[in-house]
Amino acid sequence: MAIPGEDVAPIVITTVLTLATAATIILRGPVGRALARRIEGITGLDADAQVRLDQLDRRLADLEVGQVRAPELEALQGCVGELEERLDFAERMLAQQRAPGLTAGEKNQ
């Protein structure tokens with residue numbers, strides 16, 4: 001069922017006008033505003049979210065530079081220090097058992 005050539009123009013014009021009207025209605029609403037903000041690069045965050053985002057950015061920058069130490073890292077460093085002290089003590093005890101007759105000056109030689 002072919003459409004005669006003289007009837008095609010009104011159908012095309014009606015279709016184009018309908019699509020243009022629908023696009024105008026959709027793009028002038030919330031969808032259009034969201035699309036415009038996205039194109040402009042505005043995130044649409046409220047003030048609290050923006051402050052939180054800025055704080056996280058600064059914290060990340062500090063961590064990358066190494067200015068801030070995580071509590072877990074500090075706790076592990078404390079454990080390593082304690083283990084070093086215990087190892088030193090154990091080495092001294094073993095050294096005393098090996099050479100009980102040596103004086104302090106003879107041990108260093």
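## A partly exposed glutamate and its partner

In this predicted model, glutamate 82 counts as partly exposed, because its relative accessibility is 40%. Its salt-bridge partner is arginine 86, and the closest N and O atoms of the pair are 3.0 Å apart. Arginine 86 has a relative accessible area of 55%, so this residue is classed as exposed.

How far apart are the two partners along helix α4? Arginine 86 and glutamate 82 are four residues apart, which means that about one helical turn separates them. If you go looking for salt bridges in this structure, the count comes to one.

Is aspartate 88 buried or partly exposed? Its relative accessibility is 38%, so aspartate 88 counts as partly exposed.

## A nonpolar patch

The surface also has a patch of another kind to look for. Which residues form the nonpolar patch? They are Ile3, Val8, Ile11, Val12 and Val16, and together they have about 410 Å² of accessible area.

One of these residues, isoleucine 11, sits in helix α1, which runs over residues 5-27.

Technical notes: Residues are numbered from 1 along each chain as its sequence is written. This is a predicted model: local features need pLDDT of at least 70, side-chain atom pairs count only at pLDDT 80 or more; totals for chains, interfaces and linings use all residues. Side-chain values use heavy atoms; hydrogens and water are left out. Buried means under 20% relative accessible area, exposed over 50%, partly exposed in between (1.4 Å probe, protein chains only). A salt bridge is a side-chain nitrogen of Lys or Arg within 4 Å of a carboxyl oxygen of Asp or Glu. Helices (H or I, at least four residues) and strands (E, at least two) are DSSP runs, numbered from the N terminus. Patches are made of residues with over 30% relative accessible area and no salt bridge: like charges are joined within 9 Å, nonpolar side chains (Val, Leu, Ile, Met, Phe, Trp, Tyr) within 5 Å. Accessible areas come from the Shrake-Rupley method with a 1.4 Å probe; for residues, only the protein chains shown count as cover.
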